[in-house]
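Take a look at the chain below. We will walk through it step by step, starting with a term we need on the way.

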Amino acid sequence: MSPIRRAAGASTNGSAGMLRDGWQDATLSEIRALLEPDGDVAALVLFGSLCGPPDQIDWWSDIDVMLVAKDGARERFFPSPVWLGALGPLYTWERSSYERSGAIRAVFTDLRRIDVVVVEEHVVADIANWQNHPLRGPRRAIFSRSPAVDDAIAAVPETQPLERPATPNEFEE
């Protein structure tokens, strides 16, 4: 289990946009070590704030990942968060079901926060047509054994996050 360390004054790794001394790197390594050897996992994709500008990542930044399960294996990872227990004791969790995916928002007793979107491999090919999907912003594959995931990442244009909120005039335009 990862110890929580204060991110104040932590150095950043500009290429990955993550805190070198924060809890996120260690926890992401644990997630990878847990899932990469699992034959039911086709890919793991990081998205959200940890893929954004390094100066916007802090101790409170959660980990957002898309777990692409092999077809027929989604039930191993959703709706139950039991598998997340390998990363440490859960304090609380919430799940949401959508037409093509499921999401688990987990908070561990040490206050680490992980949001996992779980999809099956066959639905990834159509992900660009979803109204909301996790690949619409910055993202990077942590690992992939799936040409469908690789193609989806390459095909979906990456929108850049706003570096500041829109002004009222910009919002109206």
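A charge sits over a ring if NZ of Lys or CZ of Arg is within 6 Å of the ring centre and within 35 degrees of the ring normal. Keep that rule in mind. Arg 113 provides a case: its charged end sits over the ring of Trp 59, 5.6 Å from the ring centre. Arg 112 provides another. Its charged end sits over the ring of Phe 108, at 4.7 Å from the centre. Remember, too, that this is a predicted model.

Now step back to the whole chain. How many helices and strands does the chain have? The secondary structure comes to 4 helices and 8 strands. The chain has 173 residues, and 45% of them count as buried.

Return to Trp 59, this time for its ring. A search of the whole structure finds 2 aromatic pairs. In one of them, the ring centres of Trp 59 and Trp 60 lie 4.3 Å apart, with the planes at 85 degrees. Planes over 60 degrees apart count as edge-to-face, so this pair is edge-to-face. Are these two residues buried or exposed? Trp 59 has a relative accessible area of 15%, so Trp 59 is buried. Trp 60 reaches 57%, so Trp 60 counts as exposed. The cut-offs are under 20% for buried and over 50% for exposed.

The other pair joins Phe 77 and Trp 83. Their ring centres are 5.5 Å apart and their planes stand at 85 degrees, so this pair is edge-to-face as well. Both Phe 77 and Trp 83 are buried.

Next, look at the backbone. The peptide bond from Phe 78 to Pro 79 is cis, with omega near 20 degrees. Pro 79 lies in the loop between strand E4 (63-69) and strand E5 (90-97). Phi of Leu 111 is near 75 degrees, a positive value in a residue other than glycine. Leu 111 lies in the loop between E6 and E7. Its relative accessible area is 41%, so Leu 111 is partly exposed.

E6 and E7 lead us to the largest pocket. The volume of this pocket is about 600 Å³. Which elements give two or more residues to its lining? They are strand E6 (101-108) and strand E7 (113-120). E6 gives the most, with 5 residues. In total, 27 residues line the pocket. Nearest its centre lie Phe 47, Val 117, His 133, Pro 134 and Arg 136. By class, the lining has 11 nonpolar, 10 polar and 6 charged residues.

His 133 lies in the loop between helix H2 (121-124) and strand E8 (139-144). With a relative accessible area of 7%, His 133 is buried. Its side chain reaches the backbone nitrogen of Leu 135 at 3.1 Å.

One last stop is Val 107, which is found in strand E6. At 22% relative accessibility, Val 107 counts as partly exposed. Where is Pro 89 relative to Val 107? The two are 18 residues apart in sequence and 8.9 Å apart in space, C-alpha to C-alpha.

Conventions:
Residues numbered from 1 in each chain as written. Predicted model: local features only at pLDDT ≥ 70, side-chain atom pairs only at ≥ 80, totals over all residues. Heavy atoms only, no water. 1 Å grid on protein atoms, 1.4 Å probe; cavity = no way out; pocket = protein on both sides within 12 Å on 5 of 7 lines; lining within 4 Å. Points joined across faces, edges and corners; volume = space filled by probe spheres on them. Nonpolar A, V, L, I, M, F, W, Y, C, P; charged D, E, K, R; others polar. Phe/Tyr/Trp six-rings, centres within 6.5 Å; stacked < 30°, edge-to-face > 60°. Buried < 20%, exposed > 50% of the residue type's maximum accessible area, 1.4 Å probe, protein only. Polar contact = N/O pair within 3.5 Å; in protein donor to acceptor, adjacent residues only side chain to side chain.
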